Structures are given as structure tokens and as C-alpha cells.
Amino acid sequence: KLAPRDLQAMLALQHEVTLGLPVGFVRPKTEQELLPYVDGTRGGAYGIFEAGALSSMALLRIPNAKQPNQGPSFPKVPAADWPLHTAFLENALVAPHARGRGRQRALVDARLAHASVAGMRWVCAGVHLGNVASWSNLLARGMVMVGSRREDGGYSLVALLKALDANALPLDASDQQEAPMHDVFAHQDLLQSGYVGVRLAPPGSVVYQRCLLSG
């Protein structure tokens, strides 16, 4: 778990990873924005060090009475659970030399455990649809695609969700469809038709199942 003493290392890793990336892949945070994560007042921050250098990091945002989630609920999250029982996975970054070794999945597991201990019922994430490595890792850790939207700049953002109560997001395994990983319109059509993306399938597609939970 990262602490305030790690802020400069976090800023350096952000700069290294985001340099040259397309708009929307990652939204870097300032030192002031990172501080509430590392001091625990806004959630938590986790990282992995190699040879004394921070090689990967990720944030967990947890709502509280002073800073509840606001606005419309995340897709499929019940309105009653939205303000205080829905956490967010944010800013997962892995240095180029550390990729392909399970770093992101380990950071997902650490944050899911933290969210569960904190009493969260749902964990959400928003990922650039073109960032296949990130959302495929989230699918592998039990999250599902529940929505998408076009962002300023013309790229698509996909919404992923995990219910920490396994029965809270019922799916019909007998009603399945598939969408090519990079076909934005196929994903949008299935999501708007009541399906959610549950896992990758070769060669390069996402398996969707009908969700029995409205909203």
C-alpha cells in the first residue's frame, strides 16, 4: 500500500506511462489529487516496487458521508447502493519494462480486497475501449462490461462492474452473444439490448450474456 512518501515516485510513473498515449487512455492526477488516496481519506493506493523503483500503481476511490458518489447511478448499480457502497478502480499504470507479468491483475486483487473490507457492494471502472490490455485484465478478475459511451475526442469509454455479492448481478448463461473486441458498434448494440460482456473468447471476441438486472 502506497503512502505520502511515495507521491514523487507515483508522479514519475504517471509521466513515464502516459507519455505519448492517445487522449483518454489514462487521466493523470496531480500531486494534490493523489494525496487523499495515499493518506487514506479518499480510498487507497497500491503499488509494486522493483529494485527500489515504483514499476506499477493503481488507485481505489471509496465514497464516504462527506464525499458520496453523485449524479446518476453507474449502469446496473441500484440507486440505493450508489452514494456510499460503490467504489471505483482508477489509474492502473504499469511501466513498459514490467508489463506481461501479472502486475495489473495483482493490483486489481488488492483493491477488490480493500473495497470488500470497506463494506462496498459494487466496484466500478471506466476504460478506453482501445485499451484492450486493461479491460481484458478486469474481465479476467470477474468484472463485466455493462455500458459504453462516446467521449470528447471521439473515443469510446467502456464501463465495467463487479458485484462483491456474487448473487447481486444475475446473468442468463443460456442467452449468449459475441462481439469482436474492437467493434465499438457491436459492443454498444449488445449493451443497449440488455447484455453484458463477461469474458474474452478466441479469436479476439468478447462473450456477452443477458443480464437479468434492469437499469
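This is a predicted model: local features need pLDDT of at least 70, side-chain atom pairs count only at pLDDT 80 or more; totals for chains, interfaces and linings use all residues.
Residues are numbered from 1 along each chain as its sequence is written, and side-chain values use heavy atoms, with hydrogens and water left out.

**Helix packing**

Two packed helices are described by the angle between their axes and the distance between the axes. Axes are lines fitted to C-alpha atoms, for helices over the stretch in contact, and angles run from 0 to 180 degrees between N-to-C directions. The axes of α3 and α4 cross at roughly 50° and come within 10 Å. Their crossing is right-handed (the near helix is turned clockwise from the far one by less than a right angle). The contact, meaning heavy atoms within 4.5 Å, involves Q104, R105 and V108 on α3 and A133, S134, N137, L138 and A140 on α4. By type, these residues are four nonpolar, three polar and one charged. In this scheme Ala, Val, Leu, Ile, Met, Phe, Trp, Tyr, Cys and Pro count as nonpolar, Asp, Glu, Lys and Arg as charged, and the others, Gly among them, as polar.

Helix α1 (residues 7–18) packs on helix α2 (residues 31–38) at an angle of about 125°, with the axes 10 Å apart. This pair is therefore oblique, and the crossing is right-handed. From α1, the residues L7, Q8, M10, L11 and Q14 take part, and from α2, E31, L34, L35 and V38.

**Pockets**

A pocket is an open set of points on a 1 Å grid over the protein atoms alone, where a 1.4 Å probe fits, with protein on both sides within 12 Å along at least five of seven lines; lining residues have an atom within 4 Å of a point. Grid points are joined across faces, edges and corners, and a volume is the space filled by probe spheres set on the points.

| Pocket | Volume | Lining by type |
|---|---|---|
| Largest | about 750 Å³ | 15 nonpolar, nine polar, five charged |

The largest pocket has a volume of about 750 Å³. It is lined by 29 residues, of which L89, A125, G126, V127 and L157 are the closest to its centre. Strand β3 gives the most to this lining, with six residues. For the second largest pocket, 19 residues form the lining, and V94, R99, Q104, A133 and S134 are the closest to the centre. At least two residues of that lining come from each of β3, α3 and α4.

**Backbone features**

Most residues other than glycine have a negative phi, and most peptide bonds are trans. A51, which is not a glycine, has a positive phi of about 55°; A51 lies in the loop between β1 (43–50) and β2 (53–61). P202 and P203 are joined by a cis peptide bond, with omega about -5°. P203 belongs to the loop between β8 (195–201) and β9 (205–211).

Notes
Helices (H or I, at least four residues) and strands (E, at least two) are DSSP runs, numbered from the N terminus. Angles under 35 degrees count as roughly parallel, over 145 as roughly antiparallel, 65 to 115 as roughly perpendicular and the rest as oblique.
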